[in-house]
Amino acid sequence: MNLKKINPNLQKALIENGLTEANEMQQETFSTIKSGADAVIQSAGGTGKTTTIVLSVIQKLEKTLDESTRALIIVENKEKVLKMEDFFLKYGTYHDLSILGVHDKGDIDYDKNIISLGLDVLIGTPNKINAMFSSAGFNINTVKMLIIDDADILFRNRMDAIILRLSNSIEKTQRLFFCSQITERVAVLAEKIMIEPTFFEMEIEE
């Protein structure tokens with residue numbers, strides 16, 4: 001995949017899965033995300049937002065560390081948790097990152113035990129993530145990337161308060177919103193919790 005200074009092992013895995021060319025979103029956002037800057041990325045459904053999230057996290061974290069969660073990804077529902085997990089397994093073939101997906105129907109005690117052993121990437125639904133971090137006493141300040149997928153949908157469903165609370169619990173992290181539309185709620189929360197966010201609006205091809 002033709003992205004500047006992409007990790008060679010990540011590039012190899014992407015090519016093996018048929019991703020030889022970066023799309024517009026990946027080309028436009030890769031350097032900004034890699035730099036650690038906050039951003040809001042708007043693109044229509046089916047344009048590779050999940051792939052962009054996964055490759056950006058793998059690029060940033062590179063290898064496992066024996067500590068608490070370093071990337072926290074909030075998604076809409078169980079189906080999207082499982083999809084994101086699957087993408088990490090495919091594109092992270094040559095990396096040893098530890099991944100856990102949690103959702104509202106999972107066993108919270110089991111999930112807490114896994115996290116306590118050390119975890120690189122935690123993917124979950126807002127309510128489950130909120131319940132885990134509010135009751136388990138984990139050190140959330142190890143989170144280097146806080147990523148909200150389908151931010152417009154989650155905020156429309158009144159999940160913005162949970163995101164705000166999680167964000168305020170982390171002293172320093174990169175905050176990324178991915179959405180199909182930059183709604184007023186998305187813009188307001190971005191300005192509230194992000195540091196000089198960059199807004200990317202991908203044109204919808206006819």
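Two strands are said to pair if DSSP finds at least two bridges between them. Helices (H or I, at least four residues) and strands (E, at least two) are DSSP runs, numbered from the N terminus. The structure on display is a predicted model, in which local features need pLDDT of at least 70 and side-chain atom pairs count only at pLDDT 80 or more, while totals for chains, interfaces and linings use all residues. Residues are numbered from 1 along each chain as its sequence is written, and side-chain values use heavy atoms, with hydrogens and water left out.

**First stop: the sheet**

Select the strands. Seven of them form an open sheet with parallel pairing, in the order S3-S4-S2-S5-S6-S1-S7. The edges are strand S3 (99-102) and strand S7 (198-201), each of which pairs on one side only. On average, neighbouring strands are turned by 15 degrees against each other, direction ignored; for such angles, axes are lines fitted to C-alpha atoms, for helices over the stretch in contact, and angles run from 0 to 180 degrees between N-to-C directions.

Next, select strand S2 (residues 71-74). S2 runs parallel to strand S4 (residues 121-124), and four bridges join the two. Within this pair, Ile 73 stands opposite Ile 123 of S4. S2 also pairs in the parallel sense with strand S5 (residues 145-148), again over four bridges; here Ile 74 has Ile 148 as its bridge partner.

Now show the side chains of S2. In a regular strand, side chains alternate between the two faces of the sheet. Ala 71 and Ile 73 lie on one side of S2, Leu 72 and Ile 74 on the other, and all are buried. Buried means under 20% relative accessible area, exposed over 50%, and partly exposed in between (1.4 Å probe, protein chains only).

**Second stop: the cores**

A nonpolar core is a set of buried Ala, Val, Leu, Ile, Met, Phe, Trp, Tyr and Cys residues joined through side-chain atoms within 4.5 Å. The largest one has 34 residues, and those with the most contacts inside it are Val 57, Ile 73, Met 84, Phe 88, Val 121, Ile 123 and Ile 147. Helix H3 (residues 49-61) gives this core its largest share, six residues. A second, separate core of 31 residues includes Leu 122, Ile 129, Leu 154 and Val 186.

Centre the view on Met 84. Leaving aside neighbours within four places in sequence, Met 84 is in contact (heavy atoms within 4.5 Å) with Thr 50, Ile 53, Val 54, Ile 73, Val 75, Ile 123 and Asp 149.

Select H3. Its 13 residues reach 18 Å from the first C-alpha to the last, close to the 18 Å expected at 1.5 Å a residue; the expected span is 1.5 Å times one less than the number of residues. Of these 13 residues, 12 are buried, so H3 is largely enclosed by the rest of the structure. Just after H3, Glu 62 takes a positive phi of about 65 degrees.

Move to helix H1 (residues 8-16), where Leu 10, Ala 13 and Leu 14 are buried. They cover an arc of only 100 degrees around the axis, which puts them on the same side of H1. The arc is that of the directions from the helix axis to the C-beta atoms. H3 and helix H4 (78-91) are among the elements that cover these residues.

Then select helix H9 (residues 184-193), whose buried residues are Val 186, Leu 189, Ala 190 and Ile 193. Seen down the axis, they fall within an arc of 105 degrees, so they line one face of H9. They pack against S1, H7, helix H8 (160-168), strand S6 (174-179) and S7. The face of H9 turned away from its buried side carries the exposed residues Glu 184, Glu 191 and Lys 192.

**Last stop: single residues**

Select Thr 32 in helix H2 (residues 24-35). Thr 32 is buried, at 18% relative accessible area. Not counting residues up to four places away in sequence, Thr 32 touches Ala 37, Ala 39, Gln 174, Thr 198 and Phe 200. Two of these residues, Ala 39 and Thr 198, are bridge partners, in the parallel pairing of strand S1 (residues 39-42) with S7 over four bridges.

Finish at Thr 20, in the loop between H1 and H2. Thr 20 is partly exposed, with a relative accessible area of 43%. Beyond its neighbours within four places in sequence, Thr 20 is in contact with Met 1, Asn 2 and Ile 15.
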